Amino acid sequence: MVFTVEMKKTAIEQAPSKKTIQEIFRTYYELGRAVNLISDFLREKGFNAQAIPAIGSNLNLTVMARDAGLGGFGKNGLLITPDYGPSVRLAAVLTDIENLPVNQRLDYDWLPDFCATCHACVKKCPAQAIYEKPMICKDGSEQHIDYKKCAVPFSKQHGCTVCIKECAFFKSDYKKIAAAYIRKEKAAK
Ligand code: SF4
Ligand code: SF4
């Protein structure tokens, strides 16, 4: 089970700032508390459950969230969600419950094509850490960010977060962008 918590717009708009990093850590705290409470509850009910917090795990929460149908990948390597764009943090609970309901999956396949017309995150990243085209790793997975380059502003400038602040899906509404893009694509055919 994968969970998202929104990072408030007013704090992210000020990135990079102390207010932004406080908001990031608020969401880490809220998510950590939630997944631990949910795991405790499930164990009380007789299921196996393991909380995966938003920070410090070696699981790829973005891939898990995508596979759970919560959003698609943006060029910035972040989960783009219909409700809050990229302005979310993620956590999860691993459990052995069978037949969990699965989110109704929206079509996110158009996101890479849209990102190919945007590039805002690539242009605005202060470390030039976002790849124009994702690197394909040995295991076939995609890597969107040069994490060594990103680590410098991330650690020195309050968590940076410019790639969220500048994302089209943060500045505007996902559903409006999707509707306009799909209309344009249909008209071009
Ligand atoms: S956090 Fe900052 S440095 Fe890292 S990828 Fe995003 S914009 Fe670039
Ligand atoms: S800023 Fe543009 S290119 Fe980057 S993830 Fe957001 S929509 Fe895609």
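**View 1. Strands E2 and E5 run antiparallel and are joined by 4 bridges.** This is a predicted model: local features need pLDDT of at least 70, side-chain atom pairs count only at pLDDT 80 or more, and totals for chains, interfaces and linings use all residues. Residues are numbered from 1 along each chain as its sequence is written, while chains are lettered from A and ligands numbered from 1 in the order in which they are written. Helices (H or I, at least four residues) and strands (E, at least two) are DSSP runs, numbered from the N terminus. Strands pair if DSSP finds at least two bridges between them. Alanine 49 stands opposite threonine 95 in E5.

**View 2. An open sheet of 3 strands has the order E1-E5-E2, with antiparallel pairing.** Its edge strands are E1 (2-6) and E2 (49-52), each of which pairs on one side only. On average, neighbouring strands of this sheet are turned by 20 degrees against each other, direction ignored. Helix H2 (residues 18-44) packs on the sheet and touches E1, E2 and E5. The direction of H2 makes about 15 degrees with that of E5. Axes here are lines fitted to C-alpha atoms, for helices over the stretch in contact, and angles run from 0 to 180 degrees between N-to-C directions.

**View 3. The largest nonpolar core has 42 residues.** Val35, Leu90, Ala91, Ala92 and Cys163 have the most contacts inside this core. Strand E5 (residues 88-95) gives the most to it, with 5 residues. Such a core is a set of buried Ala, Val, Leu, Ile, Met, Phe, Trp, Tyr and Cys residues joined through C-beta atoms within 7 Å. A residue is buried if 20 or more other C-beta atoms lie within 10 Å of its own, exposed if 12 or fewer, and partly exposed in between; C-beta atoms are placed from the backbone. Leucine 90 touches residues including Val2, Phe3, Ala54 and Leu79, not counting those up to four places away in sequence. Contact requires C-beta atoms, placed from the backbone, within 7 Å.

**View 4. Ligand 1 is surrounded by 13 residues.** The closest are Cys125, Cys150, Cys160, Val162 and Cys163. A shell residue has its C-beta atom, placed from the backbone, within 6 Å of the ligand. Helix H6 (147-156) and helix H7 (162-165) each supply at least two shell residues. H6 gives the most, with 3. The shell divides into 12 nonpolar, 1 polar and no charged residues. Ala, Val, Leu, Ile, Met, Phe, Trp, Tyr, Cys and Pro count as nonpolar, Asp, Glu, Lys and Arg as charged, and the others, Gly among them, as polar.

**View 5. Residues around ligand 2 include Cys115, Cys118, Cys121 and Cys167.** Lys75 and Glu166 are also among them. Helix H5 (120-124) and helix H8 (168-171) each supply at least two residues of this shell. The shell divides into 7 nonpolar, 3 polar and 2 charged residues.

**View 6. Strands E6 (residues 130-136) and E7 (residues 142-145) pair in the antiparallel sense over 3 bridges.** Isoleucine 130 has isoleucine 145 in E7 as its bridge partner. The hairpin has 5 residues between the strands, and glycine 140 takes a positive phi near 90 degrees.

Definitions and conventions. Contact = placed C-beta atoms within 7 Å.
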